[in-house]
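Biologist: I am new to this structure and would like to know what the labels rest on. Please take me through them one at a time.

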Amino acid sequence: MSHHGGDMSYQTFTGETVNEAKRLMRAALGDDAVVLSTRRHSDGQVELRAIRKGTPLDGEGSGGLFGRAPRPKPAPSLGGGEDVTVEATRFGDQREFGSRVEQGARRGAMSSLRGDFSRHLDRSDRYANPARSYLEELIGRQSLSAGLLDRLATTIEKSTGRTDAERLSDALADTLRFAPVAPLPPAPIMLVGQTGAGKTSCAAKLAARAADEGGRIAFMSADIGRAGAIEQMQTYAEALDTRFWAIEDPDHVAEILRHDRPAEPLVLDTPGVSPYANADVAAMRAFRDVLGAEPILVIPASGDLQEHVDWIQAFADVGVRRAIITKFDTSRRIGAAISGCFEAGVALAHFSEAPFIADGLIDADPDYLAHRLLLRQPGRIAGRR
């Protein structure tokens, strides 16, 4: 902080902030001091020049407020608005000089505030959209991402549905991608995702669905390190009267393909992986390549919204194009997984709303999803549409 006099009648005050410089100004010149100019130096210090009200500046032609060089470039205002560096000769009436400078400073500050407020209004403008407000009231509790809500608000206005569920279903159909797995998939499937997401039970549900269609799906499991995983998969295979292999690595998969030559569709259950771990991604790609499999993400419905968005995007970056969303029956808010799939461009394949293998998987479709989003409490709604 500093205070300097000068050859001219103004005085200079320097502080860390505008308020600090003004405090020094008032201490030296009194409460009726008039600010002539402000400028911020490259080191962040604020320089303020002022006079005591009623004190004339030294004669005209003195070269301005910041030295006697010919008309220096005006310093930017602290508020980012109108410049408040002024020369005494700009006004004919010295009595008006102080008030006009102060008005300029106020205008600069208000311009900055108006700009900030306008930007805030721009960000919040979507809430003034009637369709957006309608969706907020309808399904805002589901914690969907702002991007997904904005897109749904655009599409729901086109719907000719008579009920909330019909209008929402139309909007979901226009906004999201739905791509269930065929009961007897033409290529092997590899289920990937975090530990505990429900990959093993989803593999069994896919096999049970194939059995309902008169077909058969065989299991492979690379999740040999998890306690009870092999026994669990073996139990499923026996109950569904299908084959099962516990595998250790991609080379083991290649050996099974060469010697056993399985003709039935294959589902590979993988251990929990992270798309951020290079070793996990390399292993996932190796299994995919040797089996010629499509990786399908299995992910719980609820969780931190941004974590789900980042997680699904990371899996999409390594080749995932479809997702099975689990734990619909125990999740009050399902917006995290749905939003993550939307943001990453991943299609919805199936939903799971029960832990029982016999209940199978629900084919993802906009009608079911609309009813589930409108549901206020977790529960099972399949078959009640």
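**Salt bridges, burial and charge**

Modeller: A network of salt bridges links Arg132, Glu136 and Asp150. This is a predicted model, in which local features need pLDDT of at least 70 and side-chain atom pairs count only at pLDDT 80 or more, while totals for chains, interfaces and linings use all residues. Residues are numbered from 1 along each chain as its sequence is written, and side-chain values use heavy atoms, with hydrogens and water left out.

Biologist: What makes arginine 132 and aspartate 150 a salt bridge?

Modeller: A salt bridge needs a side-chain nitrogen of Lys or Arg within 4 Å of a carboxyl oxygen of Asp or Glu. The closest N and O atoms of arginine 132 and aspartate 150 are 2.7 Å apart, so the pair qualifies. Arginine 132 sits in helix H3 (residues 130–139) and aspartate 150 in helix H4 (residues 146–156), 18 residues apart, and the pair links distant parts of the chain. Helices (H or I, at least four residues) and strands (E, at least two) are DSSP runs, numbered from the N terminus.

Biologist: Why is arginine 132 called buried?

Modeller: Buried means under 20% relative accessible area, exposed means over 50%, and partly exposed lies in between (1.4 Å probe, protein chains only). Arginine 132 has 1% relative accessibility, so arginine 132 counts as buried.

Biologist: What makes arginine 216 and aspartate 241 a salt bridge?

Modeller: The closest N and O atoms of arginine 216 and aspartate 241 are 3.4 Å apart. Arginine 216 lies in the loop between H6 and strand S6 (218–221), and aspartate 241 in the loop between helix H7 (229–239) and strand S7 (244–246), so the pair ties together parts that are 25 residues apart in sequence. Aspartate 241 has 52% relative accessibility and so counts as exposed; arginine 216, at 43%, counts as partly exposed.

Biologist: How many salt bridges does a search of the whole structure find?

Modeller: The search finds nine.

Biologist: Which residues gather in a patch of negative charge on the surface?

Modeller: They are Glu166, Asp170, Asp174 and Asp367. Asp and Glu count as negative, Lys and Arg as positive, and His and the chain ends are not counted. Patch residues have over 30% relative accessible area and no salt bridge, with like charges joined within 9 Å. Aspartate 170 has a relative accessible area of 32%, so aspartate 170 is partly exposed. Helix H5 (residues 164–175) supplies the largest share of the patch, three residues, and aspartate 170 is found in that helix.

Biologist: Why does glycine 345 count as partly exposed?

Modeller: Glycine 345 has 38% relative accessibility, so glycine 345 counts as partly exposed. Glycine 345 is in the loop between helix H11 (335–344) and strand S11 (347–351).

Biologist: What share of the protein chain counts as buried?

Modeller: Of its 385 residues, 45% count as buried. The protein chain has 12 helices and 12 strands.

Notes:
Patch = residues over 30% accessible without salt bridge, like charges linked within 9 Å, V, L, I, M, F, W, Y side chains within 5 Å. Areas by Shrake-Rupley, 256 points an atom, 1.4 Å probe, with all protein chains shown as cover. Charge placed at Lys NZ, Arg CZ, Asp CG, Glu CD.
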